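This report describes a few selected residues and their surroundings. The sequence and the structure are shown below.

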Amino acid sequence: VVVVGGGNTGLTAAYLLTVAGRSVALLERDRCAAVDTGHTSAHLTMVTDVRLGELEKRFGRSHAQAAWDAGLAAMAQIDAIVRKEQIDCGLEWIDGYLHAPGPDASKEDLESLKEEAHLALELGFDATFVPSVPFMGVPGIRFESQGRFHPRRYLAGLAHAIQERGGQIFEHSGVEEFVEKPLGVKARGHLVQCRDVVIATHNPL
């Protein structure tokens with residue numbers, strides 16, 4: 001399997017594939033965890049950029065719930081990997097907050113936050129409306145058992161585990177072309193043949 005992209009998604013995919021016994025080559029155009037993943041807030045949460053209420057309107061309640069459930073599953077996966085591989089990345093469980101946009105929250109902002117908290121609670125998530133978010137002093141929602149870790153330490157541990165299982169990681173190896181017959185990718189003038197390709201880049205190729 002060729003995995004394209006050496007961020008959290010790509011390294012996780014490569015790790016899980018090596019655990020499953022697959023032969024893996026990961027190609028990263030820069031350095032692993034150097035772009036989007038390396039500049040995150042290191043906050044792990046099931047809360048998406050699009051509000052839960054908006055997800056429900058667009059896709060229905062069950063699909064909205066599934067999106068947040070996927071976030072919880074991702075956090076559980078990270079926790080399981082940290083424990084199994086004994087990765088020292090400072091993973092800890094903390095409260096997460098979604099708060100009003102400014103100091104002068106409107107009545108509409110308050111109602112929106114209360115509705116969001118109520119919907120999250122209805123769908124089985126630990127969410128509570130709070131009148132004052134710590135350090136911000138504005139109304140918001142508290143989400144229990146969210147995560148925080150050091151992403152680069154975590155991904156360094158993942159990379160080590162991948163290579164320990166025979167996986168190969170090639171940095172400074174941007175994919176230049178996809179080939180169908182035989183299936184493979186071209187990088188740095190070389191053809192890497194494979195049975196499957198996983199695209200794990202921030203922007204589609």
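In this predicted model, Ile199 belongs to strand β11, which covers residues 197–199. Is Ile199 buried, partly exposed or exposed? Its relative accessibility is 42%, so Ile199 counts as partly exposed. Together with Phe178 and Leu205, Ile199 makes a nonpolar surface patch of about 300 Å².

Met75 is placed in helix α3, which comprises residues 61–85. The relative accessible area of Met75 is 4%, and because buried means under 20%, this residue is buried. When residues up to four places away in sequence are not counted, Met75 touches Leu44, Thr45, Met46, Trp93, Ser145, Gln146 and Gly147. His99 lies 24 residues from Met75 in sequence, and the C-alpha atoms of the two are 22 Å apart in space.

Which side chain of opposite charge is nearest to Glu28? It is that of Arg29, at 4.8 Å. A salt bridge requires a separation within 4 Å, and therefore Glu28, although buried, has none. With neighbours within four places in sequence left aside, Glu28 is in contact with Gly5, Gly6 and Gly7, and also with Phe170, Glu171, His172, Ser173 and Gly174.

How values were computed:
Residues numbered from 1 in each chain as written. Predicted model: local features only at pLDDT ≥ 70, side-chain atom pairs only at ≥ 80, totals over all residues. Heavy atoms only, no water. Buried < 20%, exposed > 50% of the residue type's maximum accessible area, 1.4 Å probe, protein only. Lys, Arg positive; Asp, Glu negative; His and termini not counted. Contact = heavy atoms within 4.5 Å. Patch = residues over 30% accessible without salt bridge, like charges linked within 9 Å, V, L, I, M, F, W, Y side chains within 5 Å. Areas by Shrake-Rupley, 256 points an atom, 1.4 Å probe, with all protein chains shown as cover. Helix = DSSP H or I, 4+ residues; strand = E, 2+ residues; numbered from the N terminus.
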